[in-house]
Amino acid sequence: MELNSHMRESSCDIHKDKQVELYCHDCKENICLKCLSVNHCGHNNVEISEVADNFKLRFNGDDGDDKQIVSAISSVREQSEQTKQVAAEFRNKVEDVKKKVVATGDLVKRSVDDQINDVLMKLESVTSESDKEEQSVQEACKLGVESMENFRTRSRALLDKGRPSDITREADELHDRATELLSQSNDVTAVKYCPPHVTYTPADVTQVKRLSVVGELTTETQPGVSYLLHSYCCIRVPYFIFLCFVHVDVCFQMCTQRHNFLV
Ligand SMILES: [Zn+2]
Ligand SMILES: [Zn+2]
């Protein structure tokens with residue numbers, strides 16, 4: 001470089017026609033012989049090549065600047081590698097956490113869906129039970145009405161068109177049949193269709209929101225061991241899975257009366 005050519009043949013800054021030959025340790029500068037006699041007499045002056053050789057020896061020595069710089073280069077490179085590694089580990093950890101959050105969320109969603117299905121199925125089943133009950137009551141009513149309508153048709157025909165002797169012959173039987181039909185009709189009307197009471201208490205959604213059902217995420221910054229070392233976030237995810245956060249209460253009070261009638 002410029003440094004070498006400068007050292008090989010360098011003229012004195014003050015005396016342009018003279019080459020520098022000595023180095024004055026006291027003034028820390030290269031000087032020519034003319035300078036020596038004028039300004040540096042009695043100073044610690046040494047031949048430039050000797051000073052340069054000493055500097056080279058010191059620079060390249062075991063504790064020299066060069067060794068230290070080389071070692072510093074490798075430290076900084078190592079630092080860069082470590083940073084890369086820690087950052088990669090951190091990103092992996094974050095990816096793991098993401099997966100766990102999604103998985104936990106899926107579990108919670110599934111659990112909510114299951115609970116919704118349970119409640120809907122209970123409603124379904126109680127509805128079909130009630131439908132059966134209603135059907136049974138309706139059938140009894142239908143049979144009762146049909147029997148009594150038939151009886152009326154028969155008795156009206158007899159009373160309107162029958163001979164007096166026919167009427168007297170069948171009077172007792174008609175009356176007995178009427179009594180029997182009335183008793184059956186009383187039985188039918190005694191059985192009321194009575195669907196169960198269905199009470200639904202919705203879950204307290206505000207509380208559910210406060211519970212953070214998929215868990216909590218906290219990040220804390222960690223100060224590096226030394227100022228050179230990385231600081232990175234550590235993520236911890238405590239999982240609180242509240243599988244039973246929805247409290248659903250369906251109260252069914254079934255009517256106990258259940259009869260089957262044949263008229
Ligand atoms: Zn000079
Ligand atoms: Zn000097």
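1. Among the contacts in the protein chain of this predicted model that join residues at least 6 apart in sequence, 57% link residues at least 24 apart.

2. Of the 263 residues in the protein chain, 4% are buried.

3. Helix H4 covers residues 65-161, and its 97 residues, at 1.5 Å a residue, should span 144 Å; the C-alpha atoms at its ends are 140 Å apart, which agrees with that expectation. H4 is also hardly covered, since the count of buried residues among its 97 residues is one.

4. How do H4 and H5 run relative to each other? Their axes come within 10 Å and cross at roughly 165°, and because angles over 145 degrees count as roughly antiparallel, the two helices are roughly antiparallel to each other. The crossing of H4 and H5 is left-handed. On the H4 side the residues that meet H5 include Ala140, Gly144, Met148, Phe151 and Leu159, while on the H5 side, which belongs to a helix of residues 164-190, those that meet H4 include Ile167, Leu174, Ala178, Leu181 and Val188.

5. The largest nonpolar core has six residues, namely Val20, Leu22, Tyr23, Ile31, Cys32 and Cys35. Ile31, one of these, is in contact with Cys12, Val20, Leu22, Cys24, Leu36 and His40, once its neighbours within four places in sequence are left aside. As background, nonpolar side chains in soluble globular proteins tend to be buried together.

6. Ala52 is partly exposed, because 13 other C-beta atoms lie within 10 Å.

7. Two residues deserve a look for their backbone angles. Most residues other than glycine have a negative phi. Lys28, although not a glycine, has a positive phi of about 55°; Lys28 lies in the loop between strand E1 (22-24) and strand E2 (29-31) and is exposed, with 7 other C-beta atoms within 10 Å. Ser212, also not a glycine, has a positive phi of about 40° and is placed in the loop between helix H6 (205-210) and strand E5 (218-221), where Ser212 counts as exposed because it has 11 C-beta neighbours inside 10 Å.

Notes
Residues are numbered from 1 along each chain as its sequence is written. Chains are lettered from A and ligands numbered from 1 in the order in which they are written. This is a predicted model: local features need pLDDT of at least 70, side-chain atom pairs count only at pLDDT 80 or more; totals for chains, interfaces and linings use all residues. A residue is buried if 20 or more other C-beta atoms lie within 10 Å of its own, exposed if 12 or fewer, and partly exposed in between; C-beta atoms are placed from the backbone. A nonpolar core is a set of buried Ala, Val, Leu, Ile, Met, Phe, Trp, Tyr and Cys residues joined through C-beta atoms within 7 Å. Two residues are in contact if their C-beta atoms, placed from the backbone, lie within 7 Å. Helices (H or I, at least four residues) and strands (E, at least two) are DSSP runs, numbered from the N terminus. The expected span of a helix is 1.5 Å times one less than its number of residues. Axes are lines fitted to C-alpha atoms, for helices over the stretch in contact, and angles run from 0 to 180 degrees between N-to-C directions. Angles under 35 degrees count as roughly parallel, over 145 as roughly antiparallel, 65 to 115 as roughly perpendicular and the rest as oblique. A crossing is left-handed if the near helix is turned anticlockwise from the far one by less than a right angle, and right-handed if clockwise.
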